[in-house]
Amino acid sequence: MSWGTELWDQFDNLEKHTQWGIDVLEKYIKFVKERTEIELSYAKQLRNLSKKYQPKKNSKEEEEYRYTSTRAFLATLNEMNDYAGQHEVISENMTSLITVELTRYVQELKQERKSHFHDGRKAQQHIETCWKQLEASKRRFERDCKEADRAQQYFEKMDADINVTKADVEKARQQAQLRHQMAEDSKAEYSSTLQKFNSEQHEHYYTHIPNIFQKIQEMEERRIVRIGESMKTFAEVDRQVIPIIGKCLDEITKAAESVDHKNDSQMVIEAFKSGFEPPGDVDFEDFTQPMKRTVSESSLSNSRGDGKSEPKFGSKSKGKLWPFIKKNKGAGPEDFSNLPPEQRRKKLQQKVDELNRDIQKEMDSRDALTKMKDVYIKNPQMGDAASVDHRLAELGQNIEKLRLEVQKFEGWLAEVEGRLPARSEQPRRQSGVYEAQNASGVNSCAQDRESSPDGSYTEEQSQETEMKVPATDFDDEFDDEEPLPTIGTCKALYTFEGQNEGTISVAEGEMLYVIEEDKGDGWTRIRRNEDEEGYVPTSYVEVYLDKNAKDVHKPLQKISE
């Protein structure tokens, strides 16, 4: 099957067909180019979508991403960003492997096609020239033959006429011979031209044209193969990113499976738990008694703030129904005393951690300046050592101020956690007579530490009561805080790395002492020995409470074994 033999007379149609093939290739290039633009646009839209729903830094939205459901959504956004990147890869690969390559190939194809058809036209022009030469030789031979016949007839006529002179007859005879000779020469030339044309024609249709058409056929077949390979590459480029896209989808699925409704519910408790007990029963007010009407502190009329009665000790509290009153959004006190106990503890702990980080930064700056000063002392030409003294003094003052702030907030934190003797140790160490004398005062302190209308509570009553407590001989004896007694043991179910301040690391299977139960915030306080204690997640340990286990000095190694 060869175009040279089968289509020897279809030069014009082959020219049209090959041009159509190039048009198809250019159309396919345009198609791939538009596909790459769509991929880029899609990737850009996906990235913008992911960016649009990303939480803003230092905003309330960022705090909301503590929950497993919102963290899963954040992971989905990040994976969608990677997903968009794979569509960009598709666009880049299609551009480099298909669009660019085929565009260059089309240019080469056009040049090759132009060359082949130029050779074909040249061969056609040559055979047409040979044909014209043959036709001219043929017409000349025909003309010479006719001239020779006329010259012969004229000679015969002159020879038969008796009135014509002998010289005229001789002249006519010579003219006839000359014409016959010219006819013979034209015949020979025509015969030679005819043989040459037949040879050229045979060479043209059986050699030159088949060779040219064969090259055109090979060119066209290469074009067809090339467009097929490009279509295969088109599919392969997509297929190459499928595993990565699959991983992105797997990560989204994994994030979705990590959503824990129980954990989120517990986090809501940790975020909003106040630490208060629910309001007690409303006291019965007996109006049949002739005494003056008194209003119970826990009555609803007091919570409504009718303003008819003055709160005790000048307290700002208006009742214990604090969960049902809107909070005031104004700035709170420095010690966060306007917050419920659990929330106050968390805020104080965050403040202590923040101050410690600031101290570390200042210390790092001081260390760097100290090293610079040492370099200046050793190499005075590099700088004046005295120039950094002022800055070092400022850093020292800043560090001291920050440490004082840390001590202040740690004192408040210890007070909230019950670590100070004023609230935990002293009442247990007072004599029975002292407890009896001050029982009513302590109860009044606990009751008056109530919620204010903005959802906060005050400790003014407790502070005033504490100020009224008479000094005893035991005050100086219990200034230093002693270890809390053990209330049981626990077994670590999992390994926990205590990296934050106040936590302790435990190994799976390790036995430890329990010194403080979970207060609802998800943490249990444990002790390994007299020097090592801290908090671990309650879910990481199995607690065995024993109210009689108070031996805080018992060696931990015996339990661990």
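Which residues of H8 are buried? Keep that in mind as you tour this predicted model.

**Stop 1: the whole chain.** Of its 561 residues, 32% count as buried. Next, think about contacts. Take those between residues at least 6 apart in sequence: 72% of them join residues at least 24 apart.

**Stop 2: helix H8.** Select residues 341–378. This helix has 38 residues. From its first C-alpha to its last, H8 reaches 55 Å, close to the 56 Å expected at 1.5 Å a residue.

**Stop 3: the buried residues of H8.** Here is the answer to the opening question. Show the side chains of Glu342, Gln343, Arg344 and Arg345, then Leu348, Gln349 and Val352. As you look along the helix, recall a general point. An α-helix has 3.6 residues a turn, so residues three or four places apart point the same way.

**Stop 4: the partners of H8.** Select residues 261–272, which form helix H6, and residues 389–416, which form helix H9. The buried residues of H8 pack against both of these helices.

Stop 5: Select Cys145. It is partly exposed, at 26% relative accessibility. Now jump to Cys490. This one is buried, with a relative accessible area of 0%. How many disulfides does the model have? The count comes to zero.

Technical notes. Residues numbered from 1 in each chain as written. Predicted model: local features only at pLDDT ≥ 70, side-chain atom pairs only at ≥ 80, totals over all residues. Heavy atoms only, no water. Buried < 20%, exposed > 50% of the residue type's maximum accessible area, 1.4 Å probe, protein only. Contact = heavy atoms within 4.5 Å. Helix = DSSP H or I, 4+ residues; strand = E, 2+ residues; numbered from the N terminus. Expected span 1.5 Å × (residues − 1). Disulfide = S-S within 2.5 Å.
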